[in-house]
Amino acid sequence: MADEAGADVLVLGSGPGGYTAAFRAADLGKRVVLVERYATLGGVCLNVGCIPSKALLHVADVIESARDMAPHGVEFGEPKLDFARLRGFKDSVVTKLTGGLAQMAKQRKVEVVTGTGRFADAHRLTVSGAGDERTIPFEHAIIAVGSRATKLPGLPDDPRILDSTSALEVDGAVRRLLVVGGGIIGLELAAVYHALGAAVTVVELLPQLMTGVDADLVRPLERRIKARYAGVHTAVRVEKVEAQADGLRVQFAGEKAPAPQVFDRVLVAIGRQPNGAQIGAEKAGVQVDAKGFIPVDAAQRTSAQHIFAIGDVCGPPLLAHRAMHQGKIAAEVIAGLPAAFDAVVPSIAYTDPEVAWVGLSEERAKAEGIAHEKALVPWGVDGRALGMDRPDGLTKLLYDPASGRLLGAGIVGARAGELIAELTLALELGADVEDLALTIHPHPSLSETVGIAAQLAHGSATDVLPRKKKPTA
Ligand code: FAD
């Protein structure tokens, strides 16, 4: 046990990783101190990430869905936007959740210390707050300091240049928005601003939007936004941004670079970098790599055996649910339970359409020569998708040709993010396509596309023409 003023478990950072670790450790009987530099708990995810962005994306979905009904005989007219109330809605969602965390910390007797922490040595952390400093001894520590937005060098210092945090403030109508970066965060915020009336241009440095995701899953999204946005350009680089009175003049480079244009706002969403190099980790014997990530083993242990790291700071994928899962593992290992990270991590882009994937991707299967077959179901065959006027989806299963075991899945389409949960469970349970094919999916539902894809693989599909091969059973 640590001394009176110390902690059995000190958690540095209160994002989804940190608060989960702190609560689990407290529930397992540990004396826990949670150190957070900001006054509100919840980290990036709750305050300036997942939660506020999804509140705004819900608003975007309502607006776009209403607009899309016009050709079908239901016209609402253009929305009247009150940005202060819209912000109020988003902020109220955040406050509900962050306030709930503070309450839960109190109920679990987790001591919350506000201030910036740095390791003094292998068993002490110094916290600098408003004018004072406190050193907290600890037996074990869990580093959960997360990540921050990467800045694009060479840009003028101008408030019209936004990052994801300032973009979530939605402080008024934007006429012309440039989004630099066609990854998940950039494309989600592009969807918000487009729905709120902006002419949105997206530029991505690499040849594909959402690099790393199978191209067939990205295509329906690309098709839809290309038809709606002012421009979507891949393999294009921002060359120069000049601050002018009438906006930000941007020059582009690349074979298919558009002509220079003036934008009212430029949102930089080119990725995130870890905060691992800012906490004096070396003083505690914790190895940090050149990028600022902290390498860990399956038990979330760093190079110092009594210090753990979880969440964004220990490498991609930078996702809240992965951070939470890792937080539980670290707390359980410290409490002597037999825990290790051995789970598939689903990913979702809450774009329109949503893109979701889990397990093996086709791109990786091909690159690594992993034996696989795929079953594809375009959503045009699904009654629910047609009734929602959203046949632009695709459900894809990858499975082992010999055993039929599911290896991975990807879905693009409305609410794909909800559908991926079934396939995540299927992967966790080691299901094969027959298990999925014999599972009755409710009709009519988008989830039927999962059932049909599995039946296609299994050889028992009736909603689509069967493949010309022998059924597996
Ligand atoms: P963080 O949430 O980054 O929290 C780290 C905490 O540590 C912060 O509160 C920070 O203040 C604190 N801290 C850092 N250094 C110190 C220090 N020295 N002393 C004290 N405190 C410190 N992920 C999803 O899974 N789904 C989504 O829909 C999603 N949407 C996103 C949308 C946006 C706009 C952004 C930016 C991110 C989104 N993410 C999403 C990613 C998600 O937010 C992160 O993966 C997640 O927050 C990581 O959790 P974490 O606990 O590792 O760290």
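Keep in mind that the model is predicted.

Rolling a probe the size of a water molecule over the atoms shows where empty space is left. Here the count comes to 2 cavities of 30 Å³ or more.

Now the second largest cavity. It holds about 30 Å³ of space. Its lining is Leu187, Ala191, Leu221, Ile225, Tyr229, Thr351 and Asp352. Two or more of the lining residues come from each of helix 6 (184–195) and helix 7 (215–228). The classes are 5 nonpolar, 1 polar and 1 charged.

On to the helix pair. Two packed helices are described by the angle between their axes and the distance between the axes. Look at helix 1, residues 16–27, and helix 8, residues 320–334. Their axes come within 7 Å and cross at roughly 30°. Angles under 35 degrees count as roughly parallel, so helix 1 and helix 8 are roughly parallel to each other. The crossing of helix 1 and helix 8 is right-handed.

Who meets whom? On the helix 1 side, the contact residues are Pro16, Gly17, Tyr19, Thr20, Ala21, Arg24 and Ala25. Helix 8 brings Ala320, Ala323, Met324, Gly327, Lys328, Ala331 and Glu332. By class, this contact has 8 nonpolar, 3 polar and 3 charged residues.

Technical notes:
Residues numbered from 1 in each chain as written. Predicted model: local features only at pLDDT ≥ 70, side-chain atom pairs only at ≥ 80, totals over all residues. Heavy atoms only, no water. 1 Å grid on protein atoms, 1.4 Å probe; cavity = no way out; pocket = protein on both sides within 12 Å on 5 of 7 lines; lining within 4 Å. Points joined across faces, edges and corners; volume = space filled by probe spheres on them. Helix = DSSP H or I, 4+ residues; strand = E, 2+ residues; numbered from the N terminus. Nonpolar A, V, L, I, M, F, W, Y, C, P; charged D, E, K, R; others polar. Axes fitted to C-alpha atoms, helices over the stretch in contact; angles between N-to-C directions. Parallel < 35°, antiparallel > 145°, perpendicular 65-115°, else oblique. Left-handed = near helix turned anticlockwise from the far one by under 90°. Contact = heavy atoms within 4.5 Å.
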